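User: I would like to learn how to read a protein structure, one feature at a time. Please give the general idea and then the case at hand.

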Amino acid sequence: MKIYWIHAQAPLRVLALVKHLGIEAELVRIDPVTGGLHTPEYKAINPNKKAPTLVDGEIVLFESAAIMAHLCIKADSDMWPTENLEEQVEVLRWLTWNEGHWTPAVGPYYVEKIVKKTFNMGPPDVTVLEKSEKNCLKYAKVLDAHLAGKDFAAAGRLTVADFSLGSMARYWKEADMPFENFPNITRWLDGLEQIPAWKNPWPADEKVA
């Protein structure tokens, strides 16, 4: 099994899962700055020219949610439920909510404050952040209410939904995401930080970012 990755939030959640489940895989780092995502060889396995990508024998997968489900099935982990279909639907709900609502809500903060700094793309665009605040607060309110009295997003335990929802939001302090008045979100994020593989998802020889 090979997993191609870059220092970004979608690969982060996959690498955290690999480490958490103790899965044996060759982790192949791609350098997006030097055009690693645009080589003919890489485009042949991921025409989106993004990361992560998983190659497991004849199986080639892009999109982190699909990759994480595949990894859980391989490891026989209920972080992607296969025995309880109601739980599977609940996890799926939060995976799709993440892509449809949460990522657009927190993404501008992540891009402007984290991505730009990581790849030397210039200073944050204050106008973008000001325009993003209303949407971020709207969906933070939804997630905070859902997490009241809960340690995890779905199924009453740690699932791939938590890793997806948390992969941008984990940077809330560095990115100035307006979560100060959402104690359930910050408590949940603090709880995830107690998981060693989540706290440091990167390969052992990589700098923590």
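User: Is His70 buried or exposed?

Analyst: Two remarks on the model come before that. This is a predicted model, in which local features need pLDDT of at least 70 and side-chain atom pairs count only at pLDDT 80 or more, while totals for chains, interfaces and linings use all residues. Residues are numbered from 1 along each chain as its sequence is written, and side-chain values use heavy atoms, with hydrogens and water left out. Now the term: buried means under 20% relative accessible area, exposed over 50%, and partly exposed in between (1.4 Å probe, protein chains only). His70 has a relative accessible area of 13%, so it is buried.

User: Where is His70 found, and what does His70 touch?

Analyst: Helices (H or I, at least four residues) and strands (E, at least two) are DSSP runs, numbered from the N terminus. His70 is found in helix H3. Contact means heavy atoms within 4.5 Å. Not counting residues up to four places away in sequence, His70 touches Leu54, Asp56, Ile59 and Leu61.

User: Which other residues of H3 are buried, and what covers them?

Analyst: An α-helix has 3.6 residues a turn, so residues three or four places apart point the same way. In H3 the buried residues are Ser64, Ile67, Met68, Ala69, His70, Leu71 and Cys72. Their cover includes strand S1 (2-5), H1, strand S3 (53-56), strand S4 (59-62) and helix H6 (160-169).

User: What should I look for in the backbone angles just after H3?

Analyst: Most residues other than glycine have a negative phi, and most peptide bonds are trans. Just after H3, Asp76 takes a positive phi of about 55 degrees. Asp76 is found in the loop between H3 and H4, and its relative accessible area of 72% is why Asp76 counts as exposed. Asn120 also has a positive phi, of about 50 degrees, although it is not a glycine. Asn120 is found in the loop between H4 and H5 and is exposed, because its relative accessible area is 72%.

User: Which residues does a cis peptide bond join?

Analyst: A cis peptide bond joins Ala51 and Pro52, with omega about 15 degrees. Pro52 is found in the loop between helix H2 (40-45) and S3.

User: How do I read the nonpolar core, and which residues have the most contacts inside it?

Analyst: A nonpolar core is a set of buried Ala, Val, Leu, Ile, Met, Phe, Trp, Tyr and Cys residues joined through side-chain atoms within 4.5 Å. The largest one has 65 residues, and those with the most contacts inside it are Leu71, Trp102, Leu143, Val160, Phe179 and Ile185. Helix H4 (residues 85-118) gives the largest share of this core, eleven residues. Leaving aside neighbours within four places in sequence, the contacts of Trp102 include Leu143, Phe179 and Ile185.

User: Which residues of H7 are buried, and what do they pack against?

Analyst: In helix H7 (residues 183-192) the buried residues are Asn184, Ile185, Thr186, Trp188, Leu189 and Leu192. They pack against H4, H5, H6 and helix H8 (196-199).

User: Where does Phe182 lie, and how far apart are the C-alpha atoms of Phe182 and Asp144?

Analyst: Phe182 lies in the loop between H6 and H7. Its relative accessible area is 12%, so Phe182 is buried. The C-alpha atoms of Phe182 and Asp144 are separated by 5.9 Å, with the two residues 38 apart along the chain. Leaving aside neighbours within four places in sequence, Phe182 is in contact with Leu137, Ala140, Lys141 and Asp144.

User: Is Ala145 buried or exposed?

Analyst: Ala145, in helix H5 (residues 126-146), counts as exposed because its relative accessibility is 54%.
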